[in-house]
Amino acid sequence: MGRLVIPAQPSPFVLETARTALLMIDMQRDFLEPGGFGEMLGNDVSRLRTAIAPCRALLDIAREAGLFVIHTREGHRADLSDAPSAKLERSPPDKRIGACGPMGRILVRGEPGHDIISELAPFPGEPVIDKPGKGAFYQTDLELMLRNRGVASLIVAGVTTEVCVHTTIREANDRGYRCLAAGDACASYFPEFHEVGLRMIAAQGGIFGSVATRAEISAAFVSAADCKEEKPA
Ligand code: TIU
């Protein structure tokens, strides 16, 4: 599809489709589904569920355009050997990582709650990165995959805005990737953190990256596709 310009804050975001990946961060059952770990902690999961339809639309457009689509999941080994005690100890024993939650052991790989929601299930061939931390680069092979594909730009969506999406964008920015947060395809249990989180990305000339809506991103892809079709053979 080639070069695309997406209206964004603080300035238009330019990308080459062959050098762009869509990162879908942690759209997991335990965070998003009623009866999961997120709700067990007292969070209103309906706030996160607002991101599902925009994420679905982004996946459709990215797959159509041939972008490299990568999904991530936060979680740990069954023996918890990759879970720092500082992370384990911050919740009471019956609600901490590894405890039995409503959808299996909380944030443990292979458990039902750890998996990606069915609405956004990865397609065959789309890598799923299992990450032990909040950032998708920390202790994973994400950077190796991006480098091997010559990726320069990332469109980032998922949950939660101020935690795993933010940490991943900060990690990516320090590694030299151009990042575009898909604002309404991200969400938080705390609306004020979502809003300020997005503002922080675009502040100071785009200190961590840029922010656009799902509709702005889709429109740029659709108009690039139309443009291509109208060209004489
Ligand atoms: N994926 C992600 O953001 N993990 C979290 O723990 N988020 C919270 O907001 N707690």
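The model is predicted, so local features need pLDDT of at least 70 and side-chain atom pairs count only at pLDDT 80 or more, while totals for chains, interfaces and linings use all residues. Residues are numbered from 1 along each chain as its sequence is written, and side-chain values use heavy atoms, with hydrogens and water left out.

Start with the largest pocket. A pocket is an open set of points on a 1 Å grid over the protein atoms alone, with protein on both sides within 12 Å along at least five of seven lines. Its volume is about 430 Å³, taken as the space filled by probe spheres set on the points, which are joined across faces, edges and corners. The lining counts 23 residues; a lining residue has an atom within 4 Å of a point. Phe31, Phe37, Leu41, Lys134 and Val163 lie nearest the centre. By class, the lining holds 11 nonpolar, 4 polar and 8 charged residues. Here Ala, Val, Leu, Ile, Met, Phe, Trp, Tyr, Cys and Pro are nonpolar, Asp, Glu, Lys and Arg are charged, and the others, Gly among them, are polar.

Which helices each supply at least two residues of this lining? They are helix 2 (37-40), helix 5 (85-88) and helix 7 (161-174). Helix 7 gives the largest share, 3 residues. Helices are DSSP runs (H or I, at least four residues), numbered from the N terminus.

The ligand sits in the largest pocket, meaning that more than half of its atoms lie within 2 Å of the grid points. Around the ligand stand Asp26, Phe31, Glu74, Lys134, Val159, Thr160, Val163 and Cys164, each with a heavy atom within 4 Å. This shell divides into 4 nonpolar, 1 polar and 3 charged residues.

Now the polar contacts (pairs of N or O atoms within 3.5 Å). A polar side-chain atom of Asp26 is 2.7 Å from a ligand nitrogen atom. A backbone N or O atom of Val159 lies 3.1 Å from a nitrogen atom of the ligand. A polar backbone atom of Cys164 is 3.2 Å from a ligand oxygen atom. Taken alone, the ligand exposes 280 Å², and the protein buries 81% of that (Shrake-Rupley method, 1.4 Å probe).

A cavity is a set of points where a 1.4 Å probe fits but cannot get out. The count comes to 1 cavity of 30 Å³ or more. Leu22, Leu58, Ile61, Ala62, Leu67, Ile155, Ile217 and Phe221 line the largest cavity. Its lining has 8 nonpolar, no polar and no charged residues. Helix 4 (52-65) and helix 9 (214-230) each supply at least two, and helix 4 gives the most, with 3 residues.

Conventions
A polar contact is a pair of N or O atoms within 3.5 Å; within protein, one must be able to donate a hydrogen and the other to accept it, and residues adjacent in sequence count only if both atoms are side-chain atoms.
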